[in-house]
Amino acid sequence: MSKKDKYDVQKFTGIPVETDASGKYQLKFDQNGEAKLHTWRTGKHTKGKFKHPGQLMMTENNLTVVILKAEPMAFKDRHSETPLQRFLTVDVTEDVLKRGLAELKE
């Protein structure tokens with residue numbers, strides 16, 4: 001692959017979110033009350049820009065996810081993760097971000 005076809009790849013760890021009755025984003029928990037951490041990566045056609053943890057992104061399956069951690073990823077390793085569709089310009093509230101970061105550390 002030529003140099004011009006390469007792009008910067010970042011790996012993102014996040015938790016899916018859903019809106020509550022008041023329209024605010026909350027972490028999505030399973031039947032056992034656990035939030036599931038997942039990873040995604042930027043792809044060649046990912047739209048938008050990553051700004052900071054707490055920002056929301058949309059996966060290729062239209063799942064809304066709060067980004068908790070971003071780290072560089074080697075271009076050659078990119079196929080080990082699913083690409084994301086786009087970064088959103090919306091953030092979760094500070095308390096939702098803190099709860100998500102606590103899940104990340106567990």
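**Entry 1: the hairpin of S4 and S5**

I began at the hairpin of S4 and S5, where 4 residues lie between the strands and Asn-62 takes a positive phi near 60°. The strands come from DSSP: a strand is an E run of at least two residues, a helix an H or I run of at least four, and both are numbered from the N terminus. I noted that Asn-62 is a residue other than glycine, with a positive phi. Asn-62 sits in the loop between S4 and S5. Is Asn-62 buried or exposed? I found it exposed, at 53% relative accessibility. The cut-offs are under 20% relative accessible area for buried, over 50% for exposed, and partly exposed in between, with a 1.4 Å probe and protein chains only.

A caution for all entries: this is a predicted model, in which local features need pLDDT of at least 70 and side-chain atom pairs count only at pLDDT 80 or more, while totals for chains, interfaces and linings use all residues. Residues are numbered from 1 along each chain as its sequence is written, and side-chain values use heavy atoms, with hydrogens and water left out.

**Entry 2: strand S4**

Next I followed S4 itself. How many of the residues of S4 are buried? I counted 5 of 5, so by the cut-offs above each has under 20% relative accessible area. Gln-55, Met-57 and Thr-59 point one way from S4. Leu-56 and Met-58 point the other way.

I then looked up the partners of S4. Two strands pair if DSSP finds at least two bridges between them. S4 pairs with S6 in the antiparallel sense over 4 bridges, and Met-57 stands opposite Phe-87 in S6. S4 also pairs with S5 in the antiparallel sense, over 3 bridges. There, Met-58 stands opposite Thr-64.

I stopped at Thr-59, which lies in S4. Thr-59 is buried, at 4% relative accessibility. Which residues does Thr-59 touch, not counting those up to four places away in sequence? I listed Trp-40, Val-65, Leu-84 and Gln-85. Contact here means heavy atoms within 4.5 Å.

**Entry 3: the nonpolar cores**

I turned to the cores. A nonpolar core is a set of buried Ala, Val, Leu, Ile, Met, Phe, Trp, Tyr and Cys residues joined through side-chain atoms within 4.5 Å. The largest has 12 residues, among them Ile-15, Leu-27, Leu-56, Met-58, Val-66 and Val-96. Strands S1 (9-19), S4 (55-59) and S5 (64-73) and helix H1 (94-105) each give two or more residues to this core. A second, separate core has 7 residues, including Phe-12, Trp-40, Met-57 and Phe-87.

Leaving out residues up to four places away in sequence, Leu-27 touches Ile-15, Pro-16, Val-17, Glu-18, Val-66, Val-96, Arg-99 and Gly-100.

**Entry 4: salt bridges**

I looked for salt bridges, meaning a side-chain nitrogen of Lys or Arg within 4 Å of a carboxyl oxygen of Asp or Glu. The count came to 5.

Glu-81 pairs with Lys-11, with the closest N and O atoms 3.8 Å apart. Why note this pair? Glu-81 lies in the loop between S5 and S6 (82-91) and Lys-11 in S1, so the pair ties together parts 70 residues apart in sequence. Glu-81 is buried, at 16%. Lys-11 is partly exposed, at 22%.

Lys-76 forms a salt bridge with Asp-77, at 3.4 Å between the closest N and O atoms. Lys-76 is exposed, at 67%, and Asp-77 is partly exposed, at 35%. I also found Asp-30, Glu-34 and Lys-36 linked in a network of salt bridges.

**Entry 5: the whole chain**

Last, I stepped back. The protein chain has 1 helix and 6 strands. From the N terminus the order is β-β-β-β-β-β-α. The radius of gyration is 14 Å, close to the 13 Å that the globule rule gives for 106 residues, so the chain is as compact as a globular protein of that length. That radius is taken over C-alpha atoms, and the rule is 2.2 Å times the number of residues to the power 0.38. Of the 106 residues, 36% count as buried. Among contacts between residues at least 6 apart in sequence, 74% join residues at least 24 apart.
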